[in-house]
Amino acid sequence: MKKQFIIAVTVSAILGISVFASNASAASGKRLFMTCTACHGKDGKSPIMPTYPKIAGQNKAYVLQQVKDIMSGKRANGQSVAMKGVLVTPTGEPRFSDEDLNVLADYVSKLAP
């Protein structure tokens, strides 16, 4: 049951990404963050499961490093496996540019905790 939920969330997030992926570099942090809301909540502080972290107001450098670690596989604990499917293609190619990730991390850091 839990595995099915993770798969459903991952598929939903990936489908959400397809809307933004073609023009992600020009997207604002708010628009990029819409992908994150599937798990972390629309405000970044009301996750859909208690095991998902509240990320609103988190340090920008920390957010950026966690995302990069999940993308590379360095961080592969907890729900990060589902998040990796959102961040990289099945072949391991990033879905977002470094600029996009920087804009996203900046946006998350400015959300009210």
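Which residues have the most contacts inside the largest nonpolar core? The legends below take that up, starting with the whole chain.

This is a predicted model, in which local features need pLDDT of at least 70 and side-chain atom pairs count only at pLDDT 80 or more, while totals for chains, interfaces and linings use all residues. Residues are numbered from 1 along each chain as its sequence is written, and side-chain values use heavy atoms, with hydrogens and water left out.

**View 1. The whole chain has 6 helices and 0 strands.** Helices (H or I, at least four residues) and strands (E, at least two) are DSSP runs, numbered from the N terminus. Of the 113 residues, 35% are buried, where buried means under 20% relative accessible area, exposed over 50% and partly exposed in between (1.4 Å probe, protein chains only). Among contacts (heavy atoms within 4.5 Å) with a separation of 6 or more, 57% join residues 24 or more positions apart.

**View 2. The largest nonpolar core holds 18 residues.** Here is the reply to the opening question: Phe33, Val67, Met71, Leu87, Leu101, Leu104 and Val108 have the most contacts inside this core. Such a core is a set of buried Ala, Val, Leu, Ile, Met, Phe, Trp, Tyr and Cys residues joined through side-chain atoms within 4.5 Å. Two or more residues come from each of α2 (29-33), α4 (60-72) and α6 (98-109), and α4 gives the most, with 5 residues.

**View 3. Leu101 is in contact with Leu64, Val67, Met71 and Phe96.** That list leaves aside the neighbours of Leu101 within four places in sequence.

**View 4. Helix α4 packs its buried residues against α5 (80-87) and α6.** Those buried residues are Val63, Leu64, Gln66, Val67, Asp69, Ile70 and Met71. With 13 residues, α4 reaches 18 Å from its first C-alpha to its last, close to the 18 Å expected at 1.5 Å a residue; the expected span is 1.5 Å times one less than the number of residues. At the start of α4, look for a side-chain oxygen of Asn59 within 2.9 Å of the backbone nitrogen of Ala61. After α4 comes Gly73, with a positive phi near 95°.

View 5. A search of the whole structure finds 0 disulfides, a disulfide being a pair of cysteine sulfur atoms within 2.5 Å.

Notes: A polar contact is a pair of N or O atoms within 3.5 Å; within protein, one must be able to donate a hydrogen and the other to accept it, and residues adjacent in sequence count only if both atoms are side-chain atoms.
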